[in-house]
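Please look at the sequence and the structure below before reading my numbered points.

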Amino acid sequence: MNDSRLNKQIRIALLSGIAFVLMYFDFPLPIFPVFLKIDLSDIPALIGAFALGPVAGVVIELIKNILYTLIKGSSSMLIGEFANFAIGATWVFVAGFIYNRNRTFKTAIIGLVSSVLAMTVMAVLLNYFVLLPMYVNVFKVDLGGSIGSFIAVATVPFNILKGTIASTATVLLYKPVIAVINRQSIRTVKY
């Protein structure tokens, strides 16, 4: 295996581990239902998508969700974890794809704004057709109205708010985090 491929895998593993740890620090906001929680675990995946490509960002999303589920378990019968992965993967893939076509600050902002919109659309579609019907049937919860109205007043604003917070943090943290990761990358010894 060549050095650059090994270094990329190490960076993906490092960012996945950071994302996994950050996933434990989630919190609900009083204006949203308790199961919609803000966590900052998508920031390492966004950084990975920018630095290593969109597929790396999706892999980081996958690894963090697998680790979280294996270690903590699921309180939502995997509905929440699936939602976190599918929506997060859409988010980081779109951001990474746009940014990696032309690596400028302007393109990063365009990628982040576009990806928050893509993530929100994915959240709407998944929640309307799959996630909320499953959640309501499994946990017998009352959404206080129709699924469509719940999505309009909770899902859409929540995803835009979460996306804005994590995107802002990504812009602020990208250069310092990448500088540390690049400095700490493994260089294999040649024999």
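Does Met-77 count as buried or exposed?

1. Met-77 counts as exposed, because its relative accessibility is 59%; here exposed means over 50% relative accessible area, buried means under 20%, and partly exposed is in between, with a 1.4 Å probe and protein chains only. Met-77 sits in the loop between H3 and H4, and its phi is positive, about 55°, although Met-77 is not a glycine. The labels for helices (H or I, at least four residues) and strands (E, at least two) stand for DSSP runs, numbered from the N terminus.

2. A word on the source: this is a predicted model, in which local features need pLDDT of at least 70 and side-chain atom pairs count only at pLDDT 80 or more, while totals for chains, interfaces and linings use all residues. Residues are numbered from 1 along each chain as its sequence is written, and side-chain values use heavy atoms, with hydrogens and water left out.

3. Lys-140 counts as exposed, because its relative accessibility is 68%.

4. Taken along the principal axes, the C-alpha atoms fill a box of roughly 65 × 35 × 25 Å.

5. Buried residues make up 41% of the 191 residues in the chain. The accessible surface comes to about 10200 Å², of which 71% belongs to carbon and sulfur atoms; such areas come from the Shrake-Rupley method with a 1.4 Å probe, and for residues only the protein chains shown count as cover. Among the contacts (heavy atoms within 4.5 Å) with a separation of 6 or more, 71% are between residues 24 or more positions apart.

6. Helix H2, residues 42–52, is mostly covered, since ten of its eleven residues are buried, including Ile-43, Leu-46 and Phe-50. What covers these buried residues includes helix H1 (3–23), H3, H4, H5 and H6.

7. Val-116 lies in H5 and is buried, with a relative accessible area of 9%; leaving aside neighbours within four places in sequence, Val-116 is in contact with Trp-91, Asn-159, Ile-160, Gly-163, Thr-164 and Ser-167. Ala-108 is likewise in H5 and is buried, with a relative accessible area of 9%, and, not counting residues up to four places away in sequence, Ala-108 touches Phe-50 and Tyr-99. Between Ala-108 and Ser-167 there are 59 residues in sequence and 9.7 Å in space, C-alpha to C-alpha.

8. The largest pocket has a volume of about 770 Å³. A pocket is found on a 1 Å grid over the protein atoms alone, as an open set of points where a 1.4 Å probe fits, with protein on both sides within 12 Å along at least five of seven lines, and lining residues have an atom within 4 Å of a point. The lining of the largest pocket comprises 30 residues, of which Phe-35, Leu-36, Lys-37, Gly-80 and Glu-81 lie nearest its centre, and its largest share, seven residues, comes from H4.

9. The second largest pocket holds about 220 Å³ of space, where a volume is the space filled by probe spheres set on the grid points, which are joined across faces, edges and corners. This second pocket is lined by 13 residues, and Ala-108 is one of those nearest its centre. H6 gives the most to this lining, with six residues.
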